[in-house]
Amino acid sequence: MKIMVAVKRVVDYAVKIRIKPDKSGVETQNVKMSMNPFCEIALEEALKIKESGLAKEVIAVTMGPSNCVDTLRTGLAMGADRGIHVEAARDLVPLSVAKVLKKLVEVENPGLLILGKQAIDDDCNQTGQMIAALLGWPQGTFASKVVLDKEKQVATVDREVDGGLETLCLDLPAVITTDLRLNQPRYATLPNIMKAKSKPIKKYTPEELNVKIKSDLEVVQVTEPPKRKAGVILSSVDELIDKLKNEAHVI
């Protein structure tokens, strides 16, 4: 069985976000970029499944400009067998990503498609659900535990919901999106980083996959959240109660 994993290049989670002067988006020039943390978790889960003998190949897929290959190389250094880069000059909305993934699934025929539940740059949380709908595959979102049964060709997924845990049994092939508590991604070792340079990366364009890239959305403005007021040190419990009652109006 092949496992396909979608990975995305985003501003590193530890970087302080800066808004562009024209408020058209987030500044990405001269900013550290890395793999989306949820995508790292998705890739780690695919590698664990392969190491357990339930899959023979892990394929990492990314979409975007040429510098997205760096993120793909990171995935290959973690242990993916090969990569696919769909080169697109413009930002892709979730529906466009899902359409491209559908075409790649038709080409590669994987038994499992794993994605991070969302990207930390746009927080859309839509691509996994959309690709499952386009393919007509069962889906398990926000997975905190994944167990495969190769003989029965099913995946059991535990997912976190408001009331606790929900367990789903999915017929393969299926789509799974990963949550934070699923696993702890591994670090790429230096030998594997060197090996990743020789692993194959196949390139496509959306046109070669017969996918028309368009967006029905327009970003009107991006603004920073309001700055928090400085805290104050209170001298007594009575003063705290007075402020909660008369200033915050919470009691």
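I began with two helices: α3 and α4 cross in a right-handed way (the near helix is turned clockwise from the far one by less than a right angle). Helices here are DSSP runs (H or I, at least four residues), strands are E runs of at least two, and both are numbered from the N terminus.

I noted that this is a predicted model, where local features need pLDDT of at least 70, side-chain atom pairs count only at pLDDT 80 or more, and totals for chains, interfaces and linings use all residues. Residues are numbered from 1 along each chain as its sequence is written, and side-chain values use heavy atoms, without hydrogens and water.

Next I looked up the geometry: the axes of α3 (residues 94–108) and α4 (residues 127–135) come within 9 Å and cross at roughly 45°. Axes are lines fitted to C-alpha atoms, for helices over the stretch in contact, and angles run from 0 to 180 degrees between N-to-C directions.

Which residues of α3 and α4 meet? I found Leu95, Ala98 and Leu101 among those of α3, and Met130, Ile131 and Leu134 among those of α4, with contact meaning heavy atoms within 4.5 Å.

Then I turned to the sheet. Nine strands form an open, mixed sheet in the order β9-β8-β7-β10-β6-β1-β4-β5-β11 (strands pair if DSSP finds at least two bridges between them). I saw β1 (residues 2–6) and β6 (residues 112–116) pair in the parallel sense over three bridges, and Met4 stands opposite Leu113 in β6. Helix α3 packs on the sheet, touching β1, β4, β5, β6 and β11, while α4 touches β6, β7 and β10.
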